[in-house]
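This report looks at a few local features of a predicted model. The sequence and structure are shown first.

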Amino acid sequence: MRKAVFPGSFDPLTNGHLDIIERASELFDEVVVAVGINTNKRGLFTPAERLALVQTAVAGLPNVTVGQVEGLTVDYMEAIGAKYLVRGLRNGKDFEYERDIAEVNSVLAGVETVLLLAKPENQNVSSSMVKEIAKFGSDKLERFVPAVVVPALHAHYQD
Ligand code: ADP
């Protein structure tokens with residue numbers, strides 16, 4: 001069985017992330033979206049909130065589950081028996097970064113990294129850009145994030 005992990009911060013989940021999840025779910029028997037808990041980086045959403053938003057957004061994908069990762073992704077992968085690591089690429093900067101990490105993960109644990117290219121319409125979509133526009137009360141958030149994330153963003157910036 002081909003099991004893959006798609007790790008990230010997902011603070012919050014965007015349409016770019018969801019597209020990668022959907023495409024990975026067609027390539028692999030099972031995909032685990034791994035929401036990272038980074039103790040050095042305080043996100044807008046708590047890890048529990050980020051996980052719940054991803055869970056709702058992937059509810060229609062039967063071979064996708066969601067987990068939480070604290071520590072090294074490769075250790076998590078070994079624990080759940082996943083051999084493939086999926087990441088998305090938007091541009092050359094993403095590529096440079098991902099190539100270095102993929103090399104390290106290959107040496108550390110023999111993990112195979114599969115890089116999927118962002119769709120043109122998602123190439124400029126990032127969680128930080130979404131937070132920036134949500135701060136100013138945009139009514140165009142649906143263009144960038146799944147429907148479930150829109151009210152969650154508004155709620156954060158209401159007061
Ligand atoms: P991290 O902090 O681990 O980079 P992110 O949540 O920012 O976590 O991203 C998780 C993964 O999703 C990364 O591989 C990133 O390149 C990819 N990604 C982010 N935004 C997009 C997008 N718009 N289209 C495709 N892939 C994306």
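The backbone oxygen of Pro12 lies 2.8 Å from a polar atom of the side chain of Ser127. Pro12 belongs to the loop between strand E1 (3–8) and helix H1 (15–27), whereas Ser127 lies in helix H5, which comprises residues 127–135.

With a relative accessible area of 14%, Ser127 is buried, because the cut-off for that class is under 20%. When its neighbours within four places in sequence are left aside, Ser127 is in contact with Asp11, Pro12, Thr14 and His17.

## Backbone geometry in the loop

The peptide bond that leads from Asp11 to Pro12 is cis, its omega being near 0°. Phe10, which is also placed in the loop between E1 and H1, has a phi near 50°, and this is a positive value in a residue other than glycine. Phe10 has a relative accessibility of 2% and therefore counts as buried.

## The buried face of helix H2

In helix H2, which covers residues 47–57, the buried residues are Arg50, Leu51, Leu53 and Val54. Viewed down the axis of H2, these buried residues fall within an arc of 160°, and they therefore line one face of the helix.

What do the buried residues of H2 pack against? Their partners are strand E2 (30–36), strand E3 (64–69) and helix H6 (149–157).

Notes: Residues numbered from 1 in each chain as written. Predicted model: local features only at pLDDT ≥ 70, side-chain atom pairs only at ≥ 80, totals over all residues. Heavy atoms only, no water. Buried < 20%, exposed > 50% of the residue type's maximum accessible area, 1.4 Å probe, protein only. Helix = DSSP H or I, 4+ residues; strand = E, 2+ residues; numbered from the N terminus. Arc of directions from axis to C-beta. Contact = heavy atoms within 4.5 Å. Polar contact = N/O pair within 3.5 Å; in protein donor to acceptor, adjacent residues only side chain to side chain.
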